[in-house]
Amino acid sequence: MAKKSIATLQSGSKRLTKAIKMVKSPKTGAYTFVSAIMTPEMVNDFLNKK
């Protein structure tokens, strides 16, 4: 994983975070970006998961 990016989003009363990470494809060796919108408490689990 080469880079991490985190942006904070607020919509109404919920606080959400968009996390983006680079993942290397085992098949081709190319890097792809995976993004997800979640609560701030779940960001570390998302970034540490392979």
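Helices (H or I, at least four residues) and strands (E, at least two) are DSSP runs, numbered from the N terminus. With that convention, the protein chain shown above holds 1 helix and 3 strands, and from the N terminus on the elements run β-β-β-α.

A word on the basis of this talk. This is a predicted model, in which local features need pLDDT of at least 70 and side-chain atom pairs count only at pLDDT 80 or more, while totals for chains, interfaces and linings use all residues. Residues are numbered from 1 along each chain as its sequence is written, and side-chain values use heavy atoms, with hydrogens and water left out.

Let me begin with burial. A residue is called buried under 20% relative accessible area, exposed over 50%, and partly exposed in between, with a 1.4 Å probe and protein chains only. Of the 50 residues in the protein chain, 16% are buried.

I turn now to the nonpolar core, defined as a set of buried Ala, Val, Leu, Ile, Met, Phe, Trp, Tyr and Cys residues joined through side-chain atoms within 4.5 Å. The largest such core has 5 residues: A19, M38, V43, F46 and L47. Helix 1, residues 43-48, supplies the largest share of this core, with 3 residues.

The next subject is K21, which lies in strand 2, residues 14-24. Is K21 buried or exposed? K21 counts as buried because its relative accessible area is 7%.

Which backbone oxygens does the side chain of K21 reach? One belongs to K49, at 2.7 Å, and another belongs to F46, at 2.8 Å. K21 also lies over the face of F46, at 4.7 Å from the ring centre; the criterion is NZ of Lys or CZ of Arg within 6 Å of the ring centre and within 35 degrees of the ring normal. Along the chain, K21 and V34 are 13 residues apart, yet their C-alpha atoms are separated by 5.5 Å.

Finally, consider A36, located in strand 3, residues 31-38. A36 is partly exposed, because its relative accessible area is 22%. A36 and I20 are 16 residues apart in sequence, and their C-alpha atoms are 6.7 Å apart in space.

Notes:
Polar contact = N/O pair within 3.5 Å; in protein donor to acceptor, adjacent residues only side chain to side chain.
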